[in-house]
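Thanks for coming, everyone. Let me put the structure up on the screen, and then we can walk through a few spots together.

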Amino acid sequence: MVLIRKLIEIPTTITLEKQKDHPTGPMGEMNGHTMDGMKMQVHPVMKSHLKLFTKKDLSPKKGEKTASPEKGKEVEVFVEFPSSGVGLLIGKQGRNIKQLKHDSGAEIFVHETEDNEGIQVLQIRGTQAEVESCVHRVKRRFKITLPQYNDKEKLNLSAAKSSPSSNHLSAVDTSSERAVYNFPHNLGLMLPKGKIVDVAVSAISNVDCVFLQQYTDMSYNSLNALQQHMDVCYADSTAPSLPRPVVVGFICVVEQGGVWYRAQVCQHFEETDDVSVRFLDYGGYGVIPFDSVKQIREDMMNLPFQAAECYLDNIAPIDDDMERNNERIIKFQELLKNGVYKARVTSYTPNSCPIIQLYKFYGSETKLINSEVVKHEIANWVQAAAYPVM
């Protein structure tokens, strides 16, 4: 579908001040934030300079002899969409695209272009009203234009055309939940319970969930060396790909912008042969082509995984409204824009994710982020932990 660095970039630039000298991860310069879903870095989304795609583009032009679409008659449009926003469009476990499909009623396919890595193509199918609704929601949510894509013969549409049930196909299988997988916490660098630890916020998952790195841990200093080692080893294109069928939970390496990163398989999209992965050293999620995912060498498993997915203690999302929640995540990014961070683990979720209190130190101020997200109406305070404790 798209290489990870492109995928993770999302509208609104929020770059946090570096804490010490952090290696650059797949999401660009350190402290990137990820949106719900795929959990992605926040960078500027590409602004299209081509003609606008609006409701007028879906309707006959003045003087044009075109029959009005029958009620319920299926129509189909192809529009350009920035590669940087695909991850957010899909969302974690396909949540965002499922919601978009539910709200608009339209089917959505995502296609990779041959000659421009900066754009993907959205194939939107449904009644005219459904397609218009879908286009409007995407434009409003990403604050971008959607130019029409006129070279659909260059796209690989065979997956959608070859199936008798193509009306129910999508780049994300919206008919079922993503398979549950277990993260190998015994291989990750865990946050000790009860101690206050220096951390870097490497990615934001949701208003109640962040990825943290312990940059003062001795193993952290070896991360750059490991990445350089992987870059050399995987420069040879003969490195073995993942075995098929793709196994959820498989530890692998993925290539992004000529750099290789350790990751874990979360889902395989058979229709497009793309793989959803979690970045184990920097946090966040990405969806990339199968050919960019390779088997990991045993010696590259020695360094503990550096990014820990953590939940804020006593904090829960306000509601399930996808668009409003994304706006709150933007506010959360602003809240974490500057400062030095420390975390204290209060308990763990059943699958061993730390539940934390996150402290921000900026100048002479010290703030508990758990309280700040409530103060800024980003999330709700709950008396008990949002997740059952161990």
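Let's start with the side chain of Arg262: one of its polar atoms lies 3.2 Å from the backbone oxygen of Pro304. That is a polar contact, meaning a pair of N or O atoms within 3.5 Å; within protein, one must be able to donate a hydrogen and the other to accept it, and residues adjacent in sequence count only if both atoms are side-chain atoms. Before I go on, please keep in mind that this is a predicted model, where local features need pLDDT of at least 70, side-chain atom pairs count only at pLDDT 80 or more, and totals for chains, interfaces and linings use all residues. Residues are numbered from 1 along each chain as its sequence is written, and side-chain values use heavy atoms, with hydrogens and water left out.

Back to Arg262. Its side chain also makes a polar contact of 2.8 Å with the side chain of Asp281. Is Arg262 buried or exposed? It counts as buried, because its relative accessibility is 1%. For the cut-offs, buried is under 20% relative accessible area, exposed is over 50%, and partly exposed is in between, with a 1.4 Å probe and protein chains only.

Arg262 sits in strand S7. Strands here are DSSP runs of E with at least two residues, helices are runs of H or I with at least four residues, and both are numbered from the N terminus.

Now, some rings. The structure holds 5 aromatic pairs; rings of Phe, Tyr and Trp (its six-membered ring) pair if their centres lie within 6.5 Å, and planes under 30 degrees apart count as stacked, over 60 as edge-to-face and the rest as tilted. One of the pairs is Tyr261 with Phe279, edge-to-face at 6.4 Å centre to centre, with 80 degrees between the planes. Why does this pair tie together parts that are 18 residues apart in sequence? Because Tyr261 is in strand S7 (residues 259–269), while Phe279 is in strand S8 (residues 274–279). Both residues are buried, and ring pairs link Tyr261, Phe279 and Tyr282 into a cluster.

Two lysines deserve a look as well. Lys342 lies over the face of Phe361, 5.9 Å from the ring centre, and Lys360 lies over the face of Tyr362 at 5.8 Å. A charge sits over a ring if NZ of Lys or CZ of Arg is within 6 Å of the ring centre and within 35 degrees of the ring normal.

Next, a surface residue. Asn302 is in the loop between strand S10 (293–295) and strand S11 (307–312), and it counts as exposed because its relative accessibility is 63%. Its side chain reaches the backbone oxygen of Asp299 at 3.2 Å. Asn302 and Leu226 are 76 residues apart in sequence, yet 9.7 Å apart in space, C-alpha to C-alpha.

Last stop, a sheet. Which order do its 3 strands follow? The order is S1-S3-S2 in an open sheet with antiparallel pairing, where two strands pair if DSSP finds at least two bridges between them. The edge strands, S1 (74–82) and S2 (107–112), each pair on one side only. Between S1 and strand S3 (residues 119–127) there are 9 bridges, and Val75 stands opposite Gly126 in S3.

That's my tour, so over to you for discussion.
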